Amino acid sequence: METSQLLKGVLDLAVLAVLRDEDGYGYDVLRRLRQAGLEEVGDASVYGTLRRLFNAGALTSYVVPSEEGPHRKYYGLNDTGRQRLAESGKTWRAFADTMDSLLGAAA
Amino acid sequence: MTVKTHPAVADYLARTKAALADLPAGEVEEIVDDIGPHLSEVAAELGEEVSVEALSQRLGTPEQYAAELRAAAGYPPAAPGPPAGSRRPAVATARFALWALVLGVLIAFFAGLAFAVLGRSIASLLLLALPLFVAIVLVFTDTVRPSDVDELPESRAGRRAGRRLVKVFPDAMVDYLRALRPAWWGLRVLVVGGVTLVAGVAGGPVYLVPVGAVLVVLLMFGKRARTDRRYRWVVAPANFFAAGLVLTLLAALIAYLTGPRWENLPGEVYAPSMPSNFYGFGPNGQPLPEFYLYDQDGRPVYVFHTSCGRYDAGNAETNRFPQPRVEFDPRTGDCVERTDVPFVIAVPTSAPTTTPPPPSK
């Protein structure tokens, strides 16, 4: 099974998770996801997910001027985002546990 | 954001934007703000051989990139291109949709401004906005696409004028106003919700139905209009209605805080806590059938008086007393205006001491 198929369902959760401790601009988010081991995540998918979470009111955004290069738009979690992260995290854990026990039984 | 961008990056970005052209301009701008720096960094990593092809190898073609972004962001799918000449965007219907929107927005703004005094004429305003409802149907059945509307010359000219207007103001101010947008999204719902509540309690269905409909539109579609331009035909009028309401409430608040309070209008004396009627009597206790009251400065004294509701121009505002008083017939419940004296008096019998003492020399 391809990881990219699995990713579709949980990219929201992954993006929220990498923004939990520190705000970041788009490329930051991408890099953090890749560093965490999600190499297959698509660039455009991450940007699209950021926009969707922002439009859903789970993220705040602000622009930080940079000395060299273009200004950077940072994203961060707000209360809604945090709440969503907690809820989705719970759902994910329950789901992963179920899958674990299922696979354990099958193996 | 005027930083030198590699031409290949600019090309890639332009094609991506073209593939997202059906989205609201603000949303496309946000996307470009996100992916622009990213593309520049990818280009920097590629070093010398930057080209659209090299970028496409890394990221997919701009069209694929846009499609992936669209799917992840939950934007509506791209409108399919016109199937080979079979359907030239109908300029006439697009033009109708545009002008119906403009008309609808103006009517909605006026309705918001004059909401409190409109009463039953709201129904006729809705009739005036009929073209808007037709346009909404056209847009949501995909008979007219927002991109068709954008291509109209008047639509282009409007956007150009808008951009020029924005440039007049300093960037910092524009950014600040942009940052205030979420505050407006909250305020409009608050105000329209409050007015809905008041209309429901005090106004009756004539007021409740339109303002309630606006509230529902804002709550259900306000967010979607940010990513799907078709919703503009529904949300923009609702927005302008809310703006009209906000302005009216603001004006009322300012008038309340700064305006005159029960101050006398020049030339007339209104006496809020004074008697509501006067009866005059002669020295023998006989009632005076008619007399006129003036104050120390010669200004007529008016009182607020009740009537049975008949409008009587001659009697509307007069300092002629006694004013007719209103009574309800206890048997029939009819309103009767009476001019007789409702009480008995005893005029002091001893000669008043106001007569000047006889001159004594």
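A: The account below begins with the contact, then turns to the helix packing and the nonpolar cores.

This is a predicted model, in which local features need pLDDT of at least 70 and side-chain atom pairs count only at pLDDT 80 or more, while totals for chains, interfaces and linings use all residues. Residues are numbered from 1 along each chain as its sequence is written, and chains are lettered from A and ligands numbered from 1 in the order in which they are written.

Counting two residues as in contact if their C-beta atoms, placed from the backbone, lie within 7 Å, 24 residues of chain B meet 20 residues of chain A. On the side of chain B that touches chain A, α2 (25–46) and α4 (62–73) of chain B each provide at least two residues, and α2(B) gives the largest share, with 10 residues. Helices (H or I, at least four residues) and strands (E, at least two) are here DSSP runs numbered from the N terminus. By type, this side of chain B holds 11 nonpolar, 5 polar and 8 charged residues, where Ala, Val, Leu, Ile, Met, Phe, Trp, Tyr, Cys and Pro count as nonpolar, Asp, Glu, Lys and Arg as charged, and the others, Gly among them, as polar.

Of its 107 residues, 30% are buried, a residue being buried if 20 or more other C-beta atoms, placed from the backbone, lie within 10 Å of its own, exposed if 12 or fewer, and partly exposed in between.

Within chain B, α4(B) also packs against helix α1 (residues 7–19) of chain B, at an angle of about 50 degrees and with the axes 8 Å apart; the axes are lines fitted to C-alpha atoms over the stretch in contact, with angles running from 0 to 180 degrees between N-to-C directions. The two helices α1(B) and α4(B) are therefore oblique to each other, given that angles under 35 degrees count as roughly parallel, over 145 as roughly antiparallel, 65 to 115 as roughly perpendicular and the rest as oblique. In this packing Tyr12(B), Arg15(B), Thr16(B) and Ala19(B) of α1(B) meet Pro62(B), Glu63(B), Tyr65(B) and Ala66(B) of α4(B), a set made up of 5 nonpolar, 1 polar and 2 charged residues.

The largest nonpolar core has 39 residues, among which Val15(A), Val46(A), Leu50(A) and Leu69(B) touch the most other members; such a core is a set of buried Ala, Val, Leu, Ile, Met, Phe, Trp, Tyr and Cys residues joined through C-beta atoms within 7 Å. At least two residues of this core come from each of α1 (3–18), α2 (26–35), α3 (43–55) and β3 (72–77) of chain A, and from each of α1, α2, α3 (52–59) and α4 of chain B. The largest share, 6 residues, belongs to α3(A). Leaving aside neighbours within four places in sequence, Val15(A) is in contact with Val29(A), Val46(A), Thr49(A), Leu50(A) and Leu53(A).

A second, separate core of 35 residues includes Ala111(B), Ala199(B), Val214(B) and Ala238(B). Ala199(B) is one of the buried residues of helix α12 (residues 181–203) of chain B, and the buried residues of α12(B) pack against α13 and α14 of chain B.
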